[in-house]
Amino acid sequence: MKPHAVIFDVGNVLFPWRPRSLYERLIGDDRALDAFLANVLTMAWHTELDRGRPFAEASAELAAAHPEHADLIAAWGPRFNETLGPPIAGMAEILAELDSRGVPLFAITNFSGEFFRAFTPLHPDIFGRFRDIVVSGDEKLIKPDPAIYALALARFGLKGPDSVFIDDSAKNIAAADDAGIHGLLFTDADKLRGELEALGLL
């Protein structure tokens with residue numbers, strides 16, 4: 001059975017996500033910037049926000065541990081949208097074509113619920129096409145935990161083979177495959193278009 005629905009990741013599939021793009025505006029020295037991102041505002045810390053930890057709580061704890069960087073840490077929340085660029089080339093067009101063909105569109109994203117609600121109104125042309133989106137921070141589940149895929153399929157009303165899942169992380173794709181979903185590892189829109197055409201979705 002060929003899939004008839006498409007589930008997207010958001011960061012680095014629909015929009016480029018690069019924390020450095022915010023802090024290179026705030027830290028003038030490259031070595032200091034590298035040290036800040038490696039040792040203070042780490043991916044492990046950000047992942048806790050994706051798991052649903054409130055920014056106010058997480059940032060207060062981090063600022064207490066690194067008081068010399070308190071202002072930089074505080075900027076992460078209100079300026080998070082500056083870490084995301086415009087839609088990745090070709091992706092808005094793919095979404096529009098799928099939508100015009102009546103393909104049900106969904107998303108599963110590792111994203112702070114607070115930050116996601118601040119970001120989506122900026123792109124109604126993108127997010128208005130989705131029937132539902134599972135946000136890790138709201139569910140307190142994060143990819144590649146199998147539970148987030150099970151929750152998403154149940155909420156979307158899909159069986160695994162009904163759907164394609166597109167993500168830039170090989171671990172997340174492997175977990176989707178384990179859930180019976182047809183995983184596609186994203187690198188660029190042209191490659192994705194060819195894969196969706198081969199599946200009869202475009």
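Helices (H or I, at least four residues) and strands (E, at least two) are DSSP runs, numbered from the N terminus. The model is predicted, so that local features need pLDDT of at least 70 and side-chain atom pairs count only at pLDDT 80 or more, whereas totals for chains, interfaces and linings use all residues. Residues are numbered from 1 along each chain as its sequence is written, and side-chain values use heavy atoms, with hydrogens and water left out.

Helix 10 spans residues 146-156, and I148, Y149, A152, L153 and F156 are buried in it, where buried means under 20% relative accessible area and exposed over 50%, with partly exposed in between (1.4 Å probe, protein chains only). These residues lie on the same side of helix 10 because they cover an arc of only 130 degrees around the axis, the arc being that of the directions from the helix axis to the C-beta atoms. The face turned away from this buried side carries the exposed residues P146 and A154. Just after helix 10, G157 takes a positive phi of about 75 degrees.

Of the 52 residues in the largest nonpolar core, F8, L14, Y23, W76, L98 and F130 touch the most other members; such a core is a set of buried Ala, Val, Leu, Ile, Met, Phe, Trp, Tyr and Cys residues joined through side-chain atoms within 4.5 Å. A second, separate core of 17 residues includes L141, F156, F165 and A176.

F80 counts as buried at 3% relative accessibility, and F111 counts as buried at 5%.
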